[in-house]
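Dear colleague,

I am handing over the structure we spoke about, and below it you will find what came out of going through it. Please read the notes with the model open beside you.

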Amino acid sequence: MAIKNSDSSYGSVAKIFHWGMFLLILTLVVVGFYMHGLPADTPEQATYKFGFYDLHKAFGILALILVALRLGWRLSNPVPKMPENMRKIELFSAHAMHVLLYVLMFAQPISGWLRSSYGGHAVEMFGLKIPALVGKDKAMEHFFHEAHEVLAFALITAFFLHVGAGLYHHFVRKDDVLRRMSPHGAPSE
């Protein structure tokens, strides 16, 4: 498998970014919903719950770094061509969905970082202290708490639309759009 993208398929680096980010974001969403519902009534419960918050923040910052690297890789490589029989509205929709996914992948961790910063809560990434973006402000912490949750649901919705489009291409259109990003899909030229 080629490292770089070709006209017909994504290369190994793009595929690793794609599937690695999927697994990381899926884990962050699942852990985010899990930890949010945990009690913190006793010191033991609080330690358990906020241990998940610390891990969630660390992996959220990692996701932010990886999405920046992923975008850099995407901008420096040709994107495989879409099937010639796609209508303009389909091409526009595919492009818009990719833009939306990138916006959400940036906005989600940034909103979490801002929430922590406004709340006066430390953000560490595996022992490395990450500086606060802003000073403490309770109203803004509440705003970014809500924004982080709304963005999570937006990301989940965009994910399902993205998967649905890939399955539509594979099973209805019967083209190679899904296979070219599959780990063992269409070979690069």
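Of the 189 residues of the protein, 38% count as buried, meaning that they have under 20% relative accessible area with a 1.4 Å probe, protein chains only. This is a predicted model, in which local features need pLDDT of at least 70 and side-chain atom pairs count only at pLDDT 80 or more, while totals for chains, interfaces and linings use all residues. Residues are numbered from 1 along each chain as its sequence is written, and side-chain values use heavy atoms, with hydrogens and water left out.

The protein has four helices and two strands, which follow one another in the pattern α-α-α-β-β-α; these are DSSP runs, with helices being H or I of at least four residues and strands E of at least two, numbered from the N terminus. Its C-alpha atoms fill a box of roughly 60 × 30 × 30 Å along the principal axes.

Helix α4 covers residues 138-173, and because its 36 residues should span 52 Å at 1.5 Å a residue, the 51 Å between its end C-alpha atoms agrees with expectation (the expected span being 1.5 Å times one less than the number of residues). At its N-terminal end α4 is capped by D137, a side-chain oxygen of which lies 3.1 Å from the backbone nitrogen of A139, and the helix is followed by K174, whose phi is positive, near 55°. The buried residues of α4, among them F144, H148, L151 and R173, pack against α1 (12-36), α2 (43-75) and α3 (88-119).

Technical notes
Buried means under 20% relative accessible area, exposed over 50%, partly exposed in between (1.4 Å probe, protein chains only). Contact means heavy atoms within 4.5 Å. A polar contact is a pair of N or O atoms within 3.5 Å; within protein, one must be able to donate a hydrogen and the other to accept it, and residues adjacent in sequence count only if both atoms are side-chain atoms.
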